[in-house]
Amino acid sequence: EYPKTEMVTEETDIAERLAKFETANTCGKLFSVNVAGHLTSDDMFLSGEKTWREKEKKRLMTEKNKRVRLMNIKNKAKKVLEKKGDDEKCFLGSDLDAVLAYYNCPKRNTLANVEEKRRAWGQMKAKGLVEPAPCIPWTDEDELMLLEVSKECTDLMDTALGRAKRRKMSQCKIALREMSNKEFEELVAARLNTANVEPSEGASEAC
């Protein structure tokens with residue numbers, strides 16, 4: 001165990017401290033913002049969690065925008081095809097934009113007018129339309145994940161360390177349930193014996 005660092009300056013707000021970690025890109029700066037503390041201090045874990053959450057939030061937001069966009073394209077294209085069939089002569093410009101986007105027409109952004117879009121759609125039909133890959137909808141569970149990583153983390157139990165501790169505790173409870181009565185009694189006796197050992201005796205025995 002490391003001795004508790006004696007604070008000789010006024011303690012700053014946790015959000016302010018964690019913000020300083022973001023600018024610490026060298027060992028010296030990290031040593032400074034960590035108040036010369038060890039690399040397993042609470043702030044180090046909280047800073048690491050903050051960095052991970054920001055990256056995960058960015059990844060999930062990108063994935064959400066992609067899925068929502070693809071679902072909107074799919075729904076609009078399906079609506080057009082169900083209502084008007086696949087005859088390009090019946091399509092408006094917005095209808096063509098929807099079906100060409102859904103079937104991923106190559107170079108569709110270079111098509112200048114409705115006639116070019118109709119011609120492109122006709123060529124795709126002649127070659128045989130290939131059903132696009134299934135769109136994965138953005139679910140409530142996905143949204144909950146995004147909301148969770150968007151929260152500020154100020155509790156050590158919400159970091160990777162805390163999650164590992166809860167996981168270990170869960171595994172320990174499972175192991176305890178599977179113990180025989182004799183094994184459980186021996187464990188309880190050993191724990192009580194450890195609790196009754198005086199600190200001085202423990203130090204002496206360790207020596």
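Student: Which residues does Lys117 touch, not counting those up to four places away in sequence?
Tutor: In this predicted model, Lys117 touches Leu96, Asp97, Leu100 and Leu111 once residues up to four places away in sequence are left out.

Student: Where does Lys117 lie?
Tutor: Lys117 is in helix 5, which covers residues 114-127.

Student: And is Lys117 buried or exposed?
Tutor: Lys117 counts as buried, because its relative accessibility is 14% and the cut-off for buried is under 20%.

Student: How much of the protein is buried?
Tutor: Buried residues are 23% of the 207 residues.

Student: Switching to the surface. Which residues form a nonpolar patch there?
Tutor: Phe184, Leu187, Val188 and Leu192 do, and together they have about 330 Å² of accessible area.

Student: What about Leu187, where is its place?
Tutor: Leu187 sits in helix 8, residues 181-196. Its relative accessibility is 41%, so Leu187 counts as partly exposed.

Student: Last one, on contacts with a separation of 6 or more: what percentage comes from residues 24 or more positions apart?
Tutor: Residues 24 or more positions apart make up 57% of those contacts in the protein.

Conventions:
Residues are numbered from 1 along each chain as its sequence is written. This is a predicted model: local features need pLDDT of at least 70, side-chain atom pairs count only at pLDDT 80 or more; totals for chains, interfaces and linings use all residues. Side-chain values use heavy atoms; hydrogens and water are left out. Patches are made of residues with over 30% relative accessible area and no salt bridge: like charges are joined within 9 Å, nonpolar side chains (Val, Leu, Ile, Met, Phe, Trp, Tyr) within 5 Å. Accessible areas come from the Shrake-Rupley method with a 1.4 Å probe; for residues, only the protein chains shown count as cover. A salt bridge is a side-chain nitrogen of Lys or Arg within 4 Å of a carboxyl oxygen of Asp or Glu. Helices (H or I, at least four residues) and strands (E, at least two) are DSSP runs, numbered from the N terminus. Buried means under 20% relative accessible area, exposed over 50%, partly exposed in between (1.4 Å probe, protein chains only). Contact means heavy atoms within 4.5 Å.
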